[in-house]
Amino acid sequence: MPEPMPPEPHISGGDRAAEDGAIAATGLDGTMDLAAQEGESLEKRLDAPESGPEGKPRSLWSDAWRDLRRNPVFIISGLAILFLVFISLWPGSIASGNPLQCDLSKAQEGSQPGAPFGYNGQGCNVYTRTVYGARVSVTVGVCATLGVAILGSVLGGLAGFFGGAGDAVLSRITDIFFAIPVVLGGLVLLSVVTSSTVWPVIGFMVLLGWPQISRIARGSVITTRQNDYVQAARALGASNSRMLLRHIMPNAIAPVIVVATIALGTYISLEATLSYLGVGLKPPTVSWGIDISSASQYIRTAPHALLWPAGALAVTVLAFIMLGDAVRDALDPKLR
Amino acid sequence: MGRYVIRRLLQMIPVFFGATLLIFLMVNVMGDPIAGLCGERQCDPATATQLRKEFGLDKPLWQQYATYMGNVFTGDFGTAFNGQEVTELMASAFPVTVRLTIVAILFEIVIGITLGVVTGLRRGRPIDTGVLLLTLVVISVPTFVTGLLLQLLLGVEWGWISPSVSTEAPFDELIVPGLVLASVSLAYVTRLTRTSIAENRRADYVRTAIAKGLPRRRVITRHLLRNSLIPVVTFIGTDIGALMGGAIVTERIFNIHGVGYQLYQGILRQNTQTVVGFVTILVLVFLVANLLVDLLYAVLDPRIRYA
């Protein structure tokens, strides 16, 4: 603790949240093509706002990419996520049959040909439902994260850059949101929703999730704003928008990306929790949370109907957390 | 110190009112509380109007909020629609959840910090990797899955515990639910302690302490641990509020009649008074816990002085 009293408790709050997601470094070797492709697209996206001079060969992003390519954690989680995206786009390619077509006479039966995971309490094929359930989880995770990241970094970034009254108000608003337990807010807001689509759930997550990213973006922008190159750009007469977009954003966005990736996993988990409580997604939507919730009634007689979707959920969340972890290790210059 | 506390208390006021107003608005968006009162049937319009007048629901929303807050400060949290005082519900629910939270926090402190210290001191060894992987798995499995699995294994298959907790909820019945509630935070505490210990282990003051010839045990407990615990204390402090609010899932699995249970029932039955009242208390707990954590800093780290 350097100074008696941190003048802005919110910066430390942001760091704290980043630390909560702190997950350890691993460093072995190994490469694989699919993950490389995914990483390449990631790099292109990250590189787009980068405008370093040609003479400077290595940017933070190219360094990070070199590290990531050699990180087995990144490769494994990247492959797992690619697989998930694939089955959420084309679930029919690895699972035959209709997830909504159930046969009560087969209820709670165990593993058999055509149904490797057995049947659940309503006689639905657990394998088919688990495969089809990936779609909503991935959709909710990706859309909620995109919404939260965009809203949070725009609000937090602007507040951090301009400071003043807007910043003070925004900081108090984020304090307010932090004081409300997430699951509780979800129960209250979503208990009135009757729609069975994923959009109310995503909307709720964006509404309650943005303050987290906003704090981190704000702290990151405040740190970046004090750098010499930003002062130089200001002295050269650069406009606010140019400084924000060309100088600050590429250098301040790394913590946001890391926290957003880890948060993606937790949003998937939150969706399942809300569905378990009966307020998230509703049947006939096929979702791991709904399946786990309905299987919990038959947990004594047919635990397999609970274990498979729960396992799929855990692996998905784990993959995103590990990916975020690997990206964090690669982007954190202190660890280098 | 005194001035700092006063400033922090003043800062808490807008957050408190903002959070309660937000939940007040959310609950009112939730639906017509009078409709909830009539249960599944359609309300008689005349009765509904009369009830609305009686409960003050015909007034504008901001006036309802002001009246409610005014009552809260005199200790009147209103009456649930079944005629029970909300304070009565609180008196029965909060002790249970507080016990559950205490069990959870104890798990975090004892297991989390121990594992963190052990792995932090043996960084890179098999035990470190093993515990790290374990924490990752615990973080990835949602709490309700952990809870259901433990309930199935310990309660149903092996019969070590009773699958559901009795109404009194004594401490010994809350051990497994407390562990479930703590599980994710436990993993975070382990990781945080590990990182912090591993960082501070190379600090100068640790080398000095070892050079002075102090026993290893004393170096670790008095020098290393005290300095490494600051981020952990922050986390555990902010977690108190989150645990109490997040107990909904755990309480539902193990049928514990605590705050989460009352809130869940309140939300299902559109019982606005219960929901707003309980959330008000939860917000207060969260804010006070945060303040205490900041004050604890000064105790743990003598370099920090609040002006």
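**A first look at chains A and B**

Hi everyone, let's start with one stretch of chain A: over residues 134–324 the chain is 81% helix and 0% strand, and its end C-alpha atoms are 20 Å apart. Helices here are DSSP runs of H or I with at least four residues, strands are runs of E with at least two, and both are numbered from the N terminus. An unreviewed UniProt entry places the feature "domain: ABC transmembrane type-1" at residues 134–324 of chain A; such positions are given in the numbering used here, feature names are shortened, and annotations may be inferred rather than shown by experiment.

Now, some ground rules. This is a predicted model, where local features need pLDDT of at least 70, side-chain atom pairs count only at pLDDT 80 or more, and totals for chains, interfaces and linings use all residues. Residues are numbered from 1 along each chain as its sequence is written, while chains are lettered from A and ligands numbered from 1 in the order in which they are written.

How confident is the predictor? The complex gets an ipTM of 0.81 and a pTM of 0.79. Chain B averages a pLDDT of 82, with 92% of the residues scoring at least 70; pLDDT is the predictor's confidence in each residue, from 0 to 100. Where pLDDT is low, the predicted coordinates should not be read in detail.

Next, how do the two chains meet? In chain B, 53 residues are in contact with 40 residues of chain A, contact meaning that C-beta atoms, placed from the backbone, lie within 7 Å. H1(B) gives the most to the chain B side, with ten residues.

Leu187(A) takes part in this meeting of chains: leaving aside neighbours within four places in sequence, its contacts are Leu277(A), Val279(A), Ile248(B), Tyr264(B) and Ile267(B).

Finally, let me show you Val317(A), found in helix H13 of chain A. Is Val317(A) buried or exposed? Val317(A) counts as buried because 27 other C-beta atoms lie within 10 Å; the cut-offs are 20 or more for buried, 12 or fewer for exposed, and partly exposed in between, with C-beta atoms placed from the backbone. Leaving aside neighbours within four places in sequence, Val317(A) is in contact with Gly265(A), Ile268(A), Ser269(A) and, from the other chain, Ser140(B). The C-alpha atoms of Val317(A) and Gly141(A) are separated by 9.6 Å, with the two residues 176 apart along the chain.

Notes:
Two residues are in contact if their C-beta atoms, placed from the backbone, lie within 7 Å.
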